Amino acid sequence: MSKTERGIALVTGASSGIGLVTAQALRRDGYRVFGTSRRPMPDTADGIAMLICDVSSDASVQGVVDEVLSRAGRIDLLVNNAGIGLLGGAEESTTTQAKAVFDVNVFGVIRMTNAVLPVMRRQRRGRIVNLSSILGLIPAPYNALYASTKHAIEGYSESLDHEVRTQGIRIVLVEPGLTRTSFEENITRPDRPLALYDTVRANAEKLMRENVAKGDSPQVVADAIVRVANATSPKRRYT
Ligand code: NDP
């Protein structure tokens with residue numbers, strides 16, 4: 001880390017939405033930033049180094065962490081942002097669809113954290129920001145599986161924070177409300193729609209469309225993440 005750098009940051013899912021704007025905000029704030037995407041992307045004009053990573057693969061996650069260490073020697077901040085949506089009645093999604101969303105939203109965070117924690121322990125310094133959601137806190141019909149992934153991240157992050165804070169490491173949750181990104185376009189919908197969900201489906205889809213249009217700019221979330229990254233004594237969660 002050079003004297004002018006705030007630290008080395010790794011942001012997953014930095015190809016779009018909250019991850020992209022967060023990577024840019026951290027860069028402006030003086031971090032050396034590594035962003036990840038599943039497809040190859042050129043480094044950005046403002047100096048974000050882009051690396052390939054699929055958080056649903058152990059090998060890909062370890063590969064990206066090794067690459068950052070070989071180029072920068074340390075990791076001060078990990079932003080576990082990569083995530084996908086699943087909108088549907090609880091019984092409508094297949095087990096395969098349910099496993100796929102858990103594999104990214106929950107096990108993706110666990111894989112990346114397991115790969116980065118030993119580095120942060122050696123440094124006796126580090127901060128991990130996990131993207132939860134307002135749906136990690138409150139119930140929402142037609143969102144049982146997605147909300148379960150974010151509730152899991154809440155419990156995981158709060159418990160882990162207790163384990164590592166004596167070693168100079170903090171795990172912090174950021175819980176955005178609806179945010180104007182491509183998240184809604186990328187949402188998986190049920191493979192086997194059931195007629196009994198027709199009304200709740202129509203309401204949920206309408207609410208989603210209307211609320212996304214009225215949602216926060218991703219810049220609001222990115223600014224919160226930068227504040228959390230730099231706070232001397234962050235709280236455990238930011239809603
Ligand atoms: P986007 O769809 O715009 O971005 C999602 C990012 O995740 C993309 O960069 C995508 O990268 C990446 N991604 C998806 N699957 C994988 C994977 N298997 N491995 C690695 N990267 C992956 O959504 P948002 O920016 O809105 O979402 C970011 C986070 O914020 C998510 O965790 C989401 O749950 C959370 N959130 C979003 C809200 C919203 O209203 N938008 C509200 C609350 C929370 P690529 O496809 O290039 O690989």
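Select strand 1 (residues 8-11) and strand 2 (residues 32-37): these two pair in the parallel sense over 4 bridges. Strands here are DSSP runs of E with at least two residues, helices are runs of H or I with at least four, and both are numbered from the N terminus. Two strands count as paired if DSSP finds at least two bridges between them. Isoleucine 8 has arginine 32 in strand 2 as its bridge partner.

What you are viewing is a predicted model, in which local features need pLDDT of at least 70 and side-chain atom pairs count only at pLDDT 80 or more, while totals for chains, interfaces and linings use all residues. Residue numbers start from 1 along each chain as its sequence is written.

In general, strands of a sheet pair through backbone hydrogen bonds, either parallel or antiparallel.

Arginine 127 stands opposite arginine 170 in strand 6. A residue is buried if 20 or more other C-beta atoms lie within 10 Å of its own, exposed if 12 or fewer do, and partly exposed in between, with C-beta atoms placed from the backbone. Ile169, Ile171 and Leu173 cover one face of strand 6, and Arg170, Val172 and Val174 the other.

**Helix 1**

Select residues 17-28, which form helix 1. Helix 1 has 12 residues and reaches 17 Å from its first C-alpha to its last, close to the 16 Å expected at 1.5 Å a residue. The expected span is 1.5 Å times one less than the number of residues. Contact here requires C-beta atoms, placed from the backbone, within 7 Å. Glycine 30 follows helix 1 and has a positive phi, near 105 degrees.

**Proline 218**

Go to proline 218 in helix 7. Proline 218 is buried, with 22 other C-beta atoms within 10 Å. Leaving out residues up to four places away in sequence, proline 218 touches Gly17, Ile18, Val21, Thr179, Arg180 and Thr181.

**Two loops**

Most residues other than glycine have a negative phi. Select arginine 124, in the loop between helix 4 (107-123) and strand 5; its phi is positive, near 55 degrees. With 9 C-beta neighbours inside 10 Å, arginine 124 counts as exposed. Then select tyrosine 142, in the loop between strand 5 and helix 5 (144-164). Tyrosine 142 also has a positive phi, of about 75 degrees, but this residue is buried, with 22 other C-beta atoms within 10 Å.

**The ligand**

Finish at the ligand. Of the 29 residues around it, Gly13, Gly17, Arg38, Gly83 and Phe183 come nearest. A residue is near a molecule if its C-beta atom, placed from the backbone, lies within 6 Å of it. Helix 1 gives the largest share of this shell, 3 residues.

Terms used
Two residues are in contact if their C-beta atoms, placed from the backbone, lie within 7 Å.
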